[in-house]
Amino acid sequence: VQLQASGGGLVPPGGSLRLSCAASGNISSINDMGWYRQAPGKQRELVGSITTSITSGGTIKYVDPGVKGRFTISRDNAKNTVYLQMNSLKPEDTAVYYCNAWIGGYNYWGQGTQVTVSS
């Protein structure tokens with residue numbers, strides 16, 4: 001299984017970016033897909049995730065309260081892809097963003113994609 005992340009870049013404060021992460025390979029079932037970020041000198045932190053409920057089959061979305069209202073997470077099941085729409089970006093959003101997924105009981109990480117918010 002591979003996770004391919006894309007969409008990072010340099011944007012001015014107030015700008016927007018959309019990150020994409022596509023899962024490929026021997027995919028049995030995707031239980032959870034999400035995004036983490038790690039700023040220089042800081043620990044990696046969860047930004048948002050989408051989890052498939054085992055009981056209902058529905059999805060449960062989580063977005064960190066610190067970015068709620070600015071960031072939106074979504075998923076295209078047909079494409080095995082998770083998106084992170086980031087609006088009203090701030091300099092403190094600057095970090096390497098990592099895609100993460102639980103697939104078939106195993107945890108996978110994508111390569112990081114750099115997001116830099118600067119004028």
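Predicted model: local features only at pLDDT ≥ 70, side-chain atom pairs only at ≥ 80, totals over all residues.
Student: In β11, which residue is the bridge partner of alanine 95?

Tutor: Residues are numbered from 1 along each chain as its sequence is written, and side-chain values use heavy atoms, with hydrogens and water left out. β9 and strand β11 (residues 113–117) are antiparallel, with three bridges; strands are DSSP runs of E of at least two residues, numbered from the N terminus, and two of them pair if DSSP finds at least two bridges between them. In β11, alanine 95 has as its bridge partner valine 115.

Student: In which strand of the protein chain is confidence lowest?

Tutor: The mean pLDDT of the protein chain is 93, and 100% of the residues score at least 70. Confidence is highest in strand β2 (residues 9–11), at 98. At a mean of 91, it is lowest in residues 59–63, strand β6.

Student: How many bridges pair strand β4 with β9?

Tutor: Strand β4 covers residues 30–38 and pairs with β9 in the antiparallel sense. Within this pairing, aspartate 32 has tryptophan 102 of β9 as its bridge partner. The number of bridges between β4 and β9 is eight.

Student: In the hairpin of β9 and β10, which residue takes a positive phi?

Tutor: β9 and strand β10 (residues 106–109) are antiparallel and share four bridges. Tryptophan 102 is bridged to asparagine 107 in β10, and isoleucine 103 stands opposite tyrosine 106. The hairpin has two residues between the strands, and the positive phi, near 60°, belongs to glycine 104.

Student: How many of the nine residues of β9 are buried?

Tutor: Buried means under 20% relative accessible area, exposed over 50%, and partly exposed in between (1.4 Å probe, protein chains only). β9 is largely enclosed by the rest of the structure, because the buried count among its nine residues is seven.

Student: Which residue does the disulfide join to cysteine 21?

Tutor: The structure holds one disulfide, a term that stands for a pair of cysteine sulfur atoms within 2.5 Å. Here the S to S distance between cysteine 21 and its partner, cysteine 99, is 2.0 Å.

Student: Is the disulfide of cysteine 21 and cysteine 99 left-handed or right-handed?

Tutor: The handedness follows from the torsion about the S-S bond. That torsion is about -80°, so the disulfide of cysteine 21 and cysteine 99 is left-handed.

Student: What is the angle between the planes of tyrosine 98 and tryptophan 109?

Tutor: The structure holds two aromatic pairs. Rings of Phe, Tyr and Trp (its six-membered ring) pair if their centres lie within 6.5 Å; planes under 30 degrees apart count as stacked, over 60 as edge-to-face and the rest as tilted. Tyrosine 98 and tryptophan 109 are edge-to-face at 6.4 Å centre to centre, with an angle between the planes of 85°.

Student: How far does arginine 44 lie from the ring centre of tyrosine 98?

Tutor: A charge sits over a ring if NZ of Lys or CZ of Arg is within 6 Å of the ring centre and within 35 degrees of the ring normal. The charged end of arginine 44 sits over the ring of tryptophan 109, 4.6 Å from its centre. Arginine 44 also lies over the face of tyrosine 98, where the distance to the ring centre is 3.7 Å.

Student: In β8, which residue is the bridge partner of leucine 17?

Tutor: An open antiparallel sheet of four strands runs in the order β1-β3-β8-β7. β1 (2–6) and β7 (71–76) stand at the edges with a single partner strand each, so one side of each has no neighbour in the sheet. β3 and strand β8 (residues 81–86) pair over six bridges. In β8, leucine 17 is bridged to methionine 86.

Definitions and conventions
pLDDT = per-residue confidence, 0-100.
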